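Have a look at the structure below.

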Amino acid sequence: MPAMRFFALSRSALPIIILLMSASPHLATAADQPAVEQKDPDASPKQRLDDLFTALRRQRDPDQAKMIAEQIRVELADSGSATVNLLMQWATKAVAEKRNAAALDFFDQVIALKPDYVEGWNQRATLNYAMGDYARSMEDINQVLRIEPRHFGALAGMAAILTETGKDQLALKAWERFLEVYPADRAAQDQVNTLSEKLAGSPT
């Protein structure tokens, strides 16, 4: 699934439309910046994330942007709770061993313990997608994006599900939102071009 490392993706189109149509933050258009500014040791996790997302949307070099994106993934992965982090490790191991029921149980425990932790929802969305349960995957993605609207992995997952279910117009909007957050991603640029050309050629 493209970009759906879900570190990337209900049951009706309305929540999707609300998410896609919600106002996006004003985006910087500055020239290339250094990959990541020097970290402030006193900065809060939120401030570190904000700084990284700002750097990501300003960066136009794909390789530099990829490094920033990886740092964002690392920040998002840390729940701040030793118990939750351990449960996530167990869940990851269970997924690797294809023990999906156990993995889902671990993710459920993570979400119950820390419902504002995006990666609990995000990783469960990934697993639900892999199991073919697009409806539940999309519900989890919507939760990710309510907590962190800039979560580019979840936006990529949403776009993939919408494409696979024939909702090309909504998929295009999801990819456009992705590029607002992560403009240097070439795969997302290709997806936007492909879908735009497809929709332009569709009968009205």
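What follows is a short report on a predicted model.

Leu172 sits in helix H9, which spans residues 168–181. Leu172 counts as buried because its relative accessible area is 8%, under the 20% cut-off.

Which residues does Leu172 touch, leaving out those up to four places away in sequence? The contacts are Val192, Leu195, Ser196 and Leu199. Take Val192: 20 residues separate Val192 from Leu172 in sequence. In space, their C-alpha atoms are 6.0 Å apart.

## Aromatic pairs

How many aromatic pairs does a search of the whole structure find? The search finds seven. One of them is Tyr129 with Tyr134, a stacked pair. Their ring centres are 5.1 Å apart, and the planes make an angle of 5°. The pair counts as stacked because the planes are under 30 degrees apart.

The two tyrosines can be described by their burial. Tyr129 is buried, at 14% relative accessible area. Tyr134 is partly exposed, at 24%.

Phe178 and Tyr182 also form a stacked pair. Here the centre-to-centre distance is 5.6 Å, with 15° between the planes. Both of these residues, Phe178 and Tyr182, are buried.

## The aromatic cluster

Which residues form one aromatic cluster? The members are Phe53, Phe152, Trp175, Phe178 and Tyr182. The stacked rings of Phe178 and Tyr182 thus belong to this cluster.

Definitions and conventions: Residues numbered from 1 in each chain as written. Predicted model: local features only at pLDDT ≥ 70, side-chain atom pairs only at ≥ 80, totals over all residues. Heavy atoms only, no water. Helix = DSSP H or I, 4+ residues; strand = E, 2+ residues; numbered from the N terminus. Buried < 20%, exposed > 50% of the residue type's maximum accessible area, 1.4 Å probe, protein only. Contact = heavy atoms within 4.5 Å. Phe/Tyr/Trp six-rings, centres within 6.5 Å; stacked < 30°, edge-to-face > 60°.
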